[in-house]
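This report walks through one protein model, from a single residue to the sheet, the helices and the aromatic rings. Please look at the sequence and the structure before reading on.

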Amino acid sequence: MVKKRNLRIHVIISGKVQNVFFRQTLKTIAIKNNVRGWTKNLDDGSVEAIIEGAYGNVFVVINWCHRDPANAIVEKVKTKSEKYTGKFKTFDVLY
């Protein structure tokens, strides 16, 4: 039996990513791909997210972040691997 590798990635997305439904759409994409964690707006206009799940699923979500979804204009996606915790039960938009 092959054990699936789980992953946790901390993401900062900058550009025109606030007030364009980026976080809500990110949540929809995450749930569709069985990924858990959270996303929130930062004071500098960027969006932050913690994404946890199976390796391939996490990268589907991160690849989506690189695109310019809906009215967003993504200028930069910064990622950092962190230790997987498995503590999230859902994917939430934080306010």
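A residue is called buried if its relative accessible area is under 20%, exposed if it is over 50%, and partly exposed in between. The model described here is a predicted one.

V11 belongs to strand β1, which covers residues 6-16. Is V11 buried or exposed? Its relative accessible area is 0%, so V11 is buried. Setting aside the neighbours within four places in sequence, the residues in contact with V11 are V47, E48, A49, I51, I62, V77, K78 and T79. V11 and N33 are 22 residues apart in sequence, and their C-alpha atoms are 17 Å apart in space.

**The sheet**

Strands of a sheet pair through backbone hydrogen bonds, and the pairing is either parallel or antiparallel. In this model, five strands form an open sheet in the order β4-β1-β3-β2-β5, and the pairing is mixed. Strands β4 (73-82) and β5 (91-93) are the edge strands, each pairing on one side only. On average, neighbouring strands of the sheet are turned by 20 degrees against each other, direction ignored.

Strand β3 spans residues 47-54, and eight of its eight residues are buried. β3 pairs with β1 in the antiparallel sense over eight bridges, and R8 stands opposite E52 in β3. Strand β2 (residues 36-41) also pairs with β3 in the antiparallel sense, over six bridges. Here W38 stands opposite I50 in β3, and G37 stands opposite I51 in β3. The hairpin of β2 and β3 has five residues between the strands, and its G45 has a positive phi near 95 degrees.

**The helices**

Helix α1 (residues 22-32) packs on the sheet and touches β1, β2, β3, β4 and β5; its direction makes about 175 degrees with that of β5. Helix α2 (residues 55-66) packs on the sheet as well, touching β1, β3 and β4, and its direction makes about 155 degrees with that of β3.

Which residues of α1 are buried? They are F22, R23, L26, I29 and A30. These residues lie on the same side of α1 because they cover an arc of only 120 degrees around the axis. The general rule is that an α-helix has 3.6 residues a turn, so residues three or four places apart point the same way. The buried residues of α1 pack against β1, β2, β3, α2, β4 and β5. I31 and K32, on the other side of α1, are exposed. After α1 comes N34, with a positive phi near 60 degrees.

**The aromatic pairs**

A search of the whole structure gives two aromatic pairs. The table lists their geometry.

| Pair | Centre to centre | Angle between planes | Type |
|---|---|---|---|
| F22 and W64 | 5.0 Å | 40 degrees | tilted |
| Y55 and F59 | 5.0 Å | 50 degrees | tilted |

F22 lies in helix α1 and W64 in helix α2, so this pair ties together parts that are 42 residues apart in sequence. Both F22 and W64 are buried.

Y55 and F59 are separated by about one helical turn, because they are four residues apart in helix α2. Y55 has a relative accessible area of 41%, so Y55 is partly exposed. F59 is partly exposed too, with a relative accessible area of 30%.

Conventions. Residues numbered from 1 in each chain as written. Predicted model: local features only at pLDDT ≥ 70, side-chain atom pairs only at ≥ 80, totals over all residues. Heavy atoms only, no water. Helix = DSSP H or I, 4+ residues; strand = E, 2+ residues; numbered from the N terminus. Buried < 20%, exposed > 50% of the residue type's maximum accessible area, 1.4 Å probe, protein only. Contact = heavy atoms within 4.5 Å. Pairing = 2+ DSSP bridges. Axes fitted to C-alpha atoms, helices over the stretch in contact; angles between N-to-C directions. Arc of directions from axis to C-beta. Phe/Tyr/Trp six-rings, centres within 6.5 Å; stacked < 30°, edge-to-face > 60°.
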